[in-house]
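Dear colleague,

Please find below the structure that I am handing over to you. My findings follow directly after it.

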Amino acid sequence: MKTYLTFYCSACTRILILLLSGALTLSSGCSPSRIDRTTSPPNEMIYKKSSEEIPYLKLHMKNGDLYVLQNWDINEETNLVTGTGKQMNINREILSEGEFSVPLQQIVLAETNHISGPSGYTGVLVTLTVITGIFTIVCIVNPKACFGSCPTFYASDGNDYIVQSEGFSSSISPSLEERDVDALYRINPISENFEIQLRNEAYETHVIRSANILALPKPLGGRVYSTPDGEFIQAKNLMEPTEVVAPEGDCSEKLCTFDGNERFSAADSTDLASTETIEFTFNHKFAAENGLVIAARQTLLTTFLFYQTITYMGTKAGDWIANLERNSDNFKTLLERPRKTLGTIDILIESKNGEWVKIGDVGETGPIATDIKIVPLKNLSANKCDYSTESQYRVKLRMAKGLWRIDYVALAELGNRVEPIVIKPSSSFPQKVNSSSVVQLLTDPDSLLVTFPGDKYFLNYKLPSDFL
């Protein structure tokens, strides 16, 4: 008998690195002076300045190293930046001191701090305005570059590569490392050689411990879904709702098909924790066990709150994030408060006495890829429906206004719990990064794959022979 498989992608750990630009006011006698901090791509700074104008130059490298140079110069023929100073590693420990020749193509960012008097104020303001304007344009053209996060995973649907997963969106530091499982729901492999694209599309550094595919036996005419608790359950006989009522009225056309046509709302202008409900009616002959299938993703609300919090921290942002590692338990509690306040998507059913009772919840941080989960509807004996006949069955979803984009909701008959086959990548393109094998970095538990903005890897997997 043919075994039917569905696929999930698993990964863990993301580290967020913020590049900040600003100015610091100092006191010098009666006239204020400024240390103007400027960051820009190396070709925009180095070619237009000299070591007389910029005595100290910081060069941020692709591998995370940092060079702090003085008396520097650039050789346009060899594309080398030369100077005297220090080389530091990713942890800012000094590796060596002396004279250096740094390849320009390996430089990610050039940074400098120089002192100017009162006459320099206008220039500083103009510079910061230009920088802000440039980033505003970038954010409009590519919102993910500014407001997105997490490594993204793409797979082919037969016509094009489409985003299927964003990994571990809340893992902004090593102490918040987690495992994330997302369904490759719209993908139909055509051969045993299956390819996933791993991309770093934001201005971040991502640290990835593993990227595996999980294959599970799919029932004939059904699918396999993961639960919020990490189990995998076979399901069949999916039933879309006959009626969907939201605060704005009927919205069944948006939630009866997994097609990208999502239902969402605006956040409350005075209380971000203010909730709303959506009521679903199903005409269904009930099985012994049922589950609610929900496909949803977050809006940019939590992303906005995170970056706005970083803004409020000002120059102390780095201290706060470092404190997360030094005093992780207390800081984790503080970090969890907004999530608990906004909440997840609560699932409620109506009891025999007419009260709505919460029986589960679902929700995952991340605004890019739609995640699909199944929530078993337990304790249905308390419901007033007659399971032996065709009957109307009502379910409510309760959530914070403006927090969720919901694409699909359906009722399903639950089958067996199943265990996955773990499939690790067998090859990649490019094959190496910094002289290390990409596959080895993703399969060795003692190693990590570090990706930088713009990095892209094609990961190849060997599927079981009964993948169809």
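In what order do the five strands of the open sheet stand? In this predicted model, the order is S10-S9-S12-S31-S27, and the pairing is antiparallel. Strand S10 (161-166) and strand S27 (427-429) form the edges; each has a single partner strand, so one side of each lacks a neighbour in the sheet. From one strand to the next, the twist averages 30°.

Within this sheet, strand S12 (residues 193-199) pairs with strand S31 (residues 456-462) in the antiparallel sense, over seven bridges. Phenylalanine 194 has tyrosine 461 in S31 opposite.

With regard to the cysteines, the structure contains zero disulfides. For cysteine 256, the closest cysteine sulfur belongs to cysteine 251 and lies 8.6 Å away, which is too far for a bond, as a disulfide requires sulfur atoms within 2.5 Å. Cysteine 150 is buried, and its relative accessible area is 0%.

I also examined helix H5 (residues 301-313). Its 13 residues should span 18 Å at 1.5 Å a residue, and this agrees with the 19 Å between its end C-alpha atoms. The buried residues of H5 are Leu301, Thr303, Tyr307, Ile310 and Met313. In an α-helix there are 3.6 residues a turn, so residues three or four places apart point the same way. Just after H5 comes glycine 314, which takes a positive phi of about 60°.

Yours sincerely

Key: Residues numbered from 1 in each chain as written. Predicted model: local features only at pLDDT ≥ 70, side-chain atom pairs only at ≥ 80, totals over all residues. Heavy atoms only, no water. Pairing = 2+ DSSP bridges. Helix = DSSP H or I, 4+ residues; strand = E, 2+ residues; numbered from the N terminus. Axes fitted to C-alpha atoms, helices over the stretch in contact; angles between N-to-C directions. Buried < 20%, exposed > 50% of the residue type's maximum accessible area, 1.4 Å probe, protein only. Expected span 1.5 Å × (residues − 1).
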